[in-house]
Amino acid sequence: MTLSGKAALAGVLGWPVGHSRSPRLHGFWLERHGIDGAYVPLPVRPEDFAQAVSALPLLHLRGANVTVPHKEAAAALCDSMDDHAKRLGAVNTLVFSEGQIHGANTDGAGFLDNLRQGAPGWRAESGAAVVLGSGGAARAVIVALLDAGVPELRLANRTRAKAEALAESFGGPIRVFDWGDWTRVLDGAGLLVNTTSLGMQGQPPLEIALDALPGAAVVNDIVYQPLETELLRMAAGRGNRVVDGLGMLLHQARPGFEAWFGVRPEVDEALRDFVLQG
Ligand code: ATR
């Protein structure tokens, strides 16, 4: 779409940012809704981050997404933050308004919205949730699951001390398990989520035995390259419902788009197909 002189502007701050699918994703929604606006990649080195962010409101950008490695640095620059951003100490969405910077973290809500869309009827109360990993993605997933009301959250990470530190900082019904103790971890679980990088293109596989996982459990991988990871293939093969990771990326983008461009966009097959083709 051709822009006017009044076009609304937003973008994604990252380093590197060339791999980001966000410009394609927001570009699809701008086109679909006929909005006079643009969403651009904003590659910014870590040492330039604070200066770059302070320039964006002067350029009248409405806001920006924030990706690796800037999410924590962004939190430090905000005048106000939503509850999730405060608890995670990380921001993925900036909104500039009346000289103020507001930060939000929509990763956890994106994770839950994707799970609910991909596995209709899944209920947090229906059993223990198993989370593999203890990095930034795990933190967002853990907070979302605790807020959703899971009765028990089982956390397993290669470096056990990191899982224990997360359990301590978030509180709630988190139990830490040894990496590889799959029988005990999966017994009676209602949900299994992989938040590690294992299974991603170019990374080692996630070697896990699913024998103890109940057939009614839902399995979600936040890895989406490839879309069908070995974990999801194995889980589907034994009859579990599976949800791929692309939807988390798509859903986490909705609140920012709405704040900057004034329309609450939908996540559907046409969007998925378009983003995947990029
Ligand atoms: P992100 O912010 O995307 O979550 P991260 O903070 O680098 O990324 O976290 C990567 C996760 O994948 C961690 O839980 C990491 O385990 P460690 O805490 O032990 O490093 C996990 N991970 C990466 N490579 C792994 C491997 N070969 N085996 C097991 N876990 C691995």
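Of the 278 residues in the protein, 49% count as buried, where buried means under 20% relative accessible area, exposed means over 50%, and partly exposed covers what lies in between (1.4 Å probe, protein chains only). This is a predicted model, so to speak of local features a pLDDT of at least 70 is needed, side-chain atom pairs count only at pLDDT 80 or more, and totals for chains, interfaces and linings use all residues. Residues are numbered from 1 along each chain as its sequence is written, and side-chain values use heavy atoms, with hydrogens and water left out.

The fold has twelve helices and twelve strands; helices (H or I, at least four residues) and strands (E, at least two) are DSSP runs numbered from the N terminus. The radius of gyration is 19 Å, close to the 19 Å that the globule rule gives for 278 residues, so the protein is as compact as a globular protein of that length. That radius is taken over C-alpha atoms, and the rule is 2.2 Å times the number of residues to the power 0.38. Along its principal axes, the C-alpha trace spans about 60 × 40 × 35 Å.

Six residues of domain 1 are in contact with ten residues of domain 2, contact meaning heavy atoms within 4.5 Å.

Val218 is buried, with a relative accessible area of 1%. Leaving aside residues up to four places away in sequence, Val218 touches several others, including Leu115, Trp122, Leu192 and Val243. The C-alpha atoms of Val218 and Val243 are 7.5 Å apart, although 25 residues separate the two along the chain.

Most residues other than glycine have a negative phi, and most peptide bonds are trans. A cis peptide bond joins Val68 and Pro69, with omega about 5°; Pro69 belongs to the loop between strand E3 (63-66) and helix H3 (71-77). Another cis bond links Gln225 and Pro226, with omega about 10°, and Pro226 falls in the loop between E11 and helix H9 (230-237).

His60, not a glycine, has a positive phi of about 65°. His60 lies in the loop between helix H2 (49-58) and E3 and is exposed at 63% relative accessibility. Glu98 likewise shows a positive phi, about 50°. Glu98 sits in the loop between strands E5 (93-97) and E6 (100-104), and is exposed with a relative accessible area of 78%.
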